[in-house]
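Please open the structure in your viewer and keep the sequence panel beside it.

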Amino acid sequence: MTPKFVLPFIAATLVSSGSMIVEARQPKPASVPAKTAVSQKKPAQPVPSEWKLFTAPDGRFSVLMPGIPKQDSQTQKTYMGEINLEVFLAQPPKQEVAYLVVYNEFPHSYGKITDPQEILNNVRDMALKTTQSNLLNQRNIRSSNGHPGKEIAYINSGGKITRSRIYLAEGRLYQVMAITTKKQQQNLAKTITGYLNSFHLVLKK
C-alpha cells in the first residue's frame, strides 16, 4: 500500500466498520404499564442534553459534547506498522445522532511527502467509497489557528447523513463528525453546526 492511500484508508475505515461505529440508531421505547400507555396523550419529548466543553486527555483539542464522551482506542495495521485511532463518542438519549472526534498520529515525514490538500481529498474519497455514500457538499477550511482542513457532507444508501470536518495538524489527522438521519439532520442542523464550530485545536508548546 503506497503512502498516498494509507491515511485515508485508516480514517475512513472507522466510519464503516468496527464494533464502536455508530449509526444514528432509533432509540428503544421505554416499557410502561398498560394503563399508563393508554392514558398518555402526548409522545415523550427528547431528553435535553447538557453540552459541556470536553478537553482531550493530552490537551491537544477541545470541543463541546452532549455529556462526557466515551473513549475507545482501535489499531490499524499498515506498512508503517500499527497506527492507533483514538475515538471519542457521545450519543444524546432519545436522539438519532452520534457525535464523534477521531484522530490518528502519522510520521511527520508523511506530511512532507504529500500535499495537505491531497491527503484531505484522499480522506474524502475513501470515506465516500467505504461507506458507499454520495457527496452532498464540500469546502476547504482552516482551523482557528491556521491548520488546513476540509468540510464534507455525505449520505449513504440507508439515508444516514454525515457532516465531517477533517484537519491536518502537527502530525495528526483529526475527524470531527456528526452522523444522523435525514429527518433529524433538519432538526439538528444548527446544533451540529455549533458542535463543529466548537472544535478547537491546541498547538503543542
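**Stop 1: confidence in the model**

Colour the protein chain by pLDDT, the predictor's confidence in each residue on a scale from 0 to 100: the chain averages 77, and 70% of the residues score at least 70. This is a predicted model, in which local features need pLDDT of at least 70 and side-chain atom pairs count only at pLDDT 80 or more, while totals for chains, interfaces and linings use all residues. Residues are numbered from 1 along each chain as its sequence is written, and side-chain values use heavy atoms, with hydrogens and water left out.

Now select residues 1–47, where pLDDT stays under 50 and for which the model has 78 contacts beyond four places in sequence, a contact meaning heavy atoms within 4.5 Å.

**Stop 2: a hairpin**

Select residues 133–142, which are strand β6, together with residues 148–156, which are strand β7; the two pair in the antiparallel sense over nine bridges. Strands (E, at least two residues) and helices (H or I, at least four) are DSSP runs numbered from the N terminus, and two strands pair if DSSP finds at least two bridges between them. Within this pairing, N137 stands opposite A153 in β7. β6 and β7 form a hairpin with five residues between them, and G146 in the turn has a positive phi of about 95°.

**Stop 3: helix α5**

Select residues 182–198 to show helix α5, and find G194 within it. Which residues of α5 are buried? They are Q184, Q185, L188, I192, Y195, L196 and S198, where buried means under 20% relative accessible area, exposed over 50%, and partly exposed in between (1.4 Å probe, protein chains only). G194 has 33% relative accessibility and therefore counts as partly exposed. The C-alpha atom of G194 is separated by 9.9 Å from that of V63, although these residues are 131 apart along the chain.

**Stop 4: aromatic rings**

A search of the whole structure finds 13 aromatic pairs; rings of Phe, Tyr and Trp (its six-membered ring) pair if their centres lie within 6.5 Å, and planes under 30 degrees apart count as stacked, over 60 as edge-to-face and the rest as tilted. Select Y167 and F199: their ring centres are 5.6 Å apart and their planes are at 15°, so this pair is stacked. The pair links distant parts of the chain, with Y167 in strand β8 and F199, 32 residues away, in the loop between α5 and β10. Both Y167 and F199 are buried.
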